[in-house]
Amino acid sequence: MPALAQFLHELDAVEHAALAALAAAADAHALEAARVQFLGARSGRLKELQQALAQLARDEKPAAGKRFNEVKARVEEALAAARQRVEQQKSATTHEAAFDPTLPGRRPRLGHLHPITRTIDELKDIMGRLGFSVADGPEVEDEWHNFEALNIPPAHPARDPLENFYLAAAVAARPDRAASPLLLRSQTSTVQIRVMERTPPPVRIISVGRVYRPDTADATHYPMFHQMEGLWVDRHVTMADLKSVLRLFAACYFGGEGHIRFRPSFFPFTEPSVEVDMAWNQGWIEMGGAGMVDPHVLAAVGYDPEEYTGFAFGLGVERLCMRRYQVEDIREFYKNDVRFLRKF
Ligand code: DAH
């Protein structure tokens, strides 16, 4: 066979073999092997043919060279196309492995209300069933509502600036009163006054909200906590009513008998005043303070103390929640540690 015919024959064979090998390459590894075999710069089949091309006679070279260049370009094109195909297959298979439609779905973790919020809702629910509606008051208060109207005179130690969060600005609570300093309320008893000022008797309300005291935080103290205030004023309201309402409340919230006891105590806004304990685990736990509304308080809001009597109570919400769920440290409620919050 003449040298040119031999050369062109081999060129055809190499083209055929190269295109077949590239088309058959299933992965990057096979592709690289095919590339080295046919396009390798040192000993690839096309390199060999290029050397054979140089040996051809002068007048045979142009036609042979043209054909060689065509073949080389086609094989390079086929290599590029094969690369793209392998690349696409690879990302398609990785994707398939990551998405298994038969796997069970991932259940999103649902949050829930904070334990104190839940407790407040429950307290409102229980007291609602006992006939108490819900009232609200501001957390920034004046001294009239936080102290004076509650029969806490100016010299009283509870008004010490070190015992309260006073604010810098002073305002007049009413046009006929001198400007008085503002403070973050230290008790929800303020709402008793606000409600009675705007409502003629009878009133039968609770108010649940935040109160603030500059206490150092420890297991049982926190500078902010919640109280539930209760107030029932009407004709002929007696201590027996106070006792039965608190007993029913305790029975509903803690379950069981709701056995409670009263210890004599003192609050400026009640007379007589008591501290209320309830039976718990063979002992007693303190629920809060209560008493019969002091006639001075009724008079301060324009109620006639000769005609109306009432009782009031104030319970610590965190304390109620802690006792019920055996929480040892009030600070747990405000750390926002989900490991704690998730338990409720
Ligand atoms: N305000 C009191 C406190 O913060 C609690 C309290 C006691 C509220 C007796 C009352 C009450 O309504 O009658 O310590």
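**The ligand and its surroundings**

In this predicted model, the residues that form the shell around the ligand divide into five nonpolar, eight polar and two charged. The shell comprises 15 residues, and the closest to the ligand are Q187, Q192, R213, Q227 and E229. Several elements of secondary structure contribute to this shell, since at least two of its residues are supplied by each of the helix α7 (189–198) and the strands β6 (224–234), β9 (283–293) and β10 (309–316). As for its location in the protein, the ligand sits in the largest pocket.

In the side chain of E229, which is among the closest residues, a polar atom lies 2.6 Å from an oxygen atom of the ligand. Q192, likewise listed among the closest residues, has an N or O atom in its side chain that is 3.0 Å from an oxygen atom of the ligand. In the case of A312, it is a polar backbone atom that is found 3.2 Å from an oxygen atom of the ligand. The ligand on its own has 350 Å² of accessible area, of which the protein covers 89%.

With regard to the overall organisation, the protein is divided into domain 1, which spans residues 3–98, and domain 2, which is made up of the segments 115–137 and 193–341. The centres of domain 1 and domain 2, taken over C-alpha atoms, are separated by 90 Å.

Definitions and conventions
Residues numbered from 1 in each chain as written. Predicted model: local features only at pLDDT ≥ 70, side-chain atom pairs only at ≥ 80, totals over all residues. Heavy atoms only, no water. Near = heavy atom within 4 Å. Polar contact = N/O pair within 3.5 Å; in protein donor to acceptor, adjacent residues only side chain to side chain. Areas by Shrake-Rupley, 256 points an atom, 1.4 Å probe, with all protein chains shown as cover. 1 Å grid on protein atoms, 1.4 Å probe; cavity = no way out; pocket = protein on both sides within 12 Å on 5 of 7 lines; lining within 4 Å. Sits in = over half its atoms within 2 Å of the grid points. Helix = DSSP H or I, 4+ residues; strand = E, 2+ residues; numbered from the N terminus. Nonpolar A, V, L, I, M, F, W, Y, C, P; charged D, E, K, R; others polar. Domains from an automatic or database assignment.
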